[in-house]
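Reader: Hey, can you walk me through this model? I'd like to begin with the ligand surroundings.

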Amino acid sequence: MRNALTMANEVRIRRVSQDDERQRVREFFGAHIPGSTAFPLPNRQVDAALGTPSQIWVAEDSPGDLIGALFASNNPFDVVAWRQQGQEQVAAVIANEMAMIHELAVARHAQRSGIGSRLARAAIDNAQASGAAIATLIYDQRTPGLNDFYENLGFRVLAPGELLKLHFAALRGTPVGFPQSDRSFRWAAMVLNSARCRIAE
Ligand SMILES: CC(C)(COP(=O)(O)OP(=O)(O)OC[C@H]1O[C@@H](n2cnc3c(N)ncnc32)[C@H](O)[C@@H]1OP(=O)(O)O)[C@@H](O)C(=O)NCCC(=O)NCCS
């Protein structure tokens, strides 16, 4: 009989990029995240147009079935918004230094065996290696377990609806605010390079 621990040891985590694999991940999110997907998973052409490449990670069991997936990128909504305001420097700093996890799900039968944590760690380590100074995400605090999950990973979790305020050294300390209009949602953030980014108190 396979228990959760045996299964976790057999799970392979890998990064995917081809469009047919993205489609598989899109369907997985549709099936495993209620109300998914607020942030549509872009194809390679959209990635190229936005200039903010997607990070898509999957967890597969030994027959190769998809049992977990994560989608992260460089916060393209804010990058585009700042560009539209003519704030190229702010847009460039966000695109280079702010990684954002948009979607993360593990199949119900495989939860609580460390797979979600492994997917998140893979994305965060990769973002850090690519030069990101901060990893962020927004989550619905009404979903059970998420506060513990993100705090265990080392994220600082803000109060519901609280503004995330970041000081990037490249912007000479002028803070950039990221609002949260829905009071059920929270920002979570993890500093990856404290010389280049810090969270304002
Ligand atoms: C959130 C989710 C991705 C976590 O994945 P996972 O593989 O089950 O998480 P892990 O096994 O890595 O959990 C690590 C720790 O997080 C905490 N945690 C995770 N799920 C939890 C839950 N439902 N209740 C309480 N704590 C939880 C625990 O502290 C856990 O450690 P422990 O099992 O040793 O106690 C998964 O539950 C999921 O897919 N949920 C549905 C979709 C969703 O809500 N996605 C989030 C979108 S932001």
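Ligand shell

Author: Of the 20 residues around the ligand, the nearest are Gln111, Gly116, Ser117, Gly145 and Phe149, where a residue is near if its C-beta atom, placed from the backbone, lies within 6 Å. This is a predicted model: local features need pLDDT of at least 70, side-chain atom pairs count only at pLDDT 80 or more, and totals for chains, interfaces and linings use all residues. Numbering starts from 1 along each chain as its sequence is written.

Reader: Which elements give two or more residues to that shell?

Author: S4, H6 and helix H7 (146-153). H7 has the largest share, with four residues. Helices (H or I, at least four residues) and strands (E, at least two) are DSSP runs, numbered from the N terminus.

Reader: And how does the shell split by class?

Author: Nine nonpolar, nine polar and two charged residues. Ala, Val, Leu, Ile, Met, Phe, Trp, Tyr, Cys and Pro count as nonpolar, Asp, Glu, Lys and Arg as charged, and the others, Gly among them, as polar.

Reader: New topic: what's the phi of arginine 112?

Author: Near 65°, a positive value in a residue other than glycine. Most residues other than glycine have a negative phi.

Reader: Where is arginine 112 found, and is it buried or exposed?

Author: In the loop between strand S4 (98-106) and helix H6 (115-129). Arginine 112 counts as exposed because it has 12 C-beta neighbours inside 10 Å; the cut-offs are 12 or fewer for exposed, 20 or more for buried and partly exposed in between.
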